[in-house]
Amino acid sequence: MRTEEQILQDFEELGYSVMFQNHIWLELERNDDEYIRIFKGDETYTSSVVVSMQEHKLLTELFNLWGWL
């Protein structure tokens with residue numbers, strides 16, 4: 001299983017930057033109006049973009065790593 005750091009690096013390769021990260025919240029931003037926000041506390045996320053298959057795969061990896069799935 002890959003680490004969270006490896007998965008986030010793949011997001012960076014897709015053009016995202018990690019804007020904020022702590023134990024309950026992760027925000028990935030591609031530009032000012034394109035983002036993915038993940039709320040670890042209640043196991044939800046919001047996105048301003050329709051996620052691609054690559055992004056979906058990475059989100060699934062994160063959610064498996066965190067024990068959500």
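The structure is a predicted model, in which local features need pLDDT of at least 70 and side-chain atom pairs count only at pLDDT 80 or more, while totals for chains, interfaces and linings use all residues. Residues are numbered from 1 along each chain as its sequence is written, and side-chain values use heavy atoms, with hydrogens and water left out.

**Overall build**

The protein contains two helices and four strands, where helices (H or I, at least four residues) and strands (E, at least two) are DSSP runs numbered from the N terminus. Along the sequence these elements come in the order α-β-β-β-β-α. The radius of gyration of the protein is 11 Å, which agrees with the value near 11 Å that a compact globule of 69 residues would have; this radius is taken over C-alpha atoms, and the globule rule is 2.2 Å times the number of residues to the power 0.38. Taken along the principal axes, the C-alpha atoms fill a box of roughly 30 × 20 × 20 Å.

Among the contacts with a separation of 6 or more, 35% are made by residues 24 or more positions apart, a contact meaning heavy atoms within 4.5 Å.

**Surface and charge**

The protein exposes about 4500 Å², of which carbon and sulfur atoms supply 50%; such areas come from the Shrake-Rupley method with a 1.4 Å probe, and for residues only the protein chains shown count as cover. Of the 69 residues, 28% count as buried, where buried means under 20% relative accessible area, exposed over 50%, and partly exposed in between (1.4 Å probe, protein chains only).

**The nonpolar core**

A nonpolar core is a set of buried Ala, Val, Leu, Ile, Met, Phe, Trp, Tyr and Cys residues joined through side-chain atoms within 4.5 Å. The largest one here has 14 residues, and those with the most contacts inside it are F11, L28, I36, I38 and L62. Two or more residues of this core come from each of helix 1 (4-13), strand 2 (25-31), strand 3 (34-39) and helix 2 (53-65), and helix 2 gives the most, with four residues.

When residues up to four places away in sequence are not counted, F11 touches Y16, L28, I36, E55, L58, L59 and L62. L58 lies in helix 2, and, with its neighbours within four places left aside, L58 is in contact with R2, I7, D10, F11 and L14.

**Single residues compared**

| Residue | Class | Relative accessible area |
|---|---|---|
| L58 | buried | 6% |
| S48 | partly exposed | 33% |
| E43 | partly exposed | 48% |
| K57 | exposed | 54% |

K57, like L58, belongs to helix 2. The C-alpha atoms of K57 and I7 are 9.8 Å apart in space, although the two are 50 residues apart in sequence. L58 and T46, by contrast, are twelve residues apart in sequence and 15 Å apart in space, C-alpha to C-alpha.

The two remaining residues sit in loops. E43 is placed in the loop between strand 3 and strand 4 (44-47), and E43 has a positive phi of about 55 degrees although it is not a glycine. S48 lies in the loop between strand 4 and helix 2, where, leaving aside neighbours within four places in sequence, S48 is in contact with D33, E34 and Y35.
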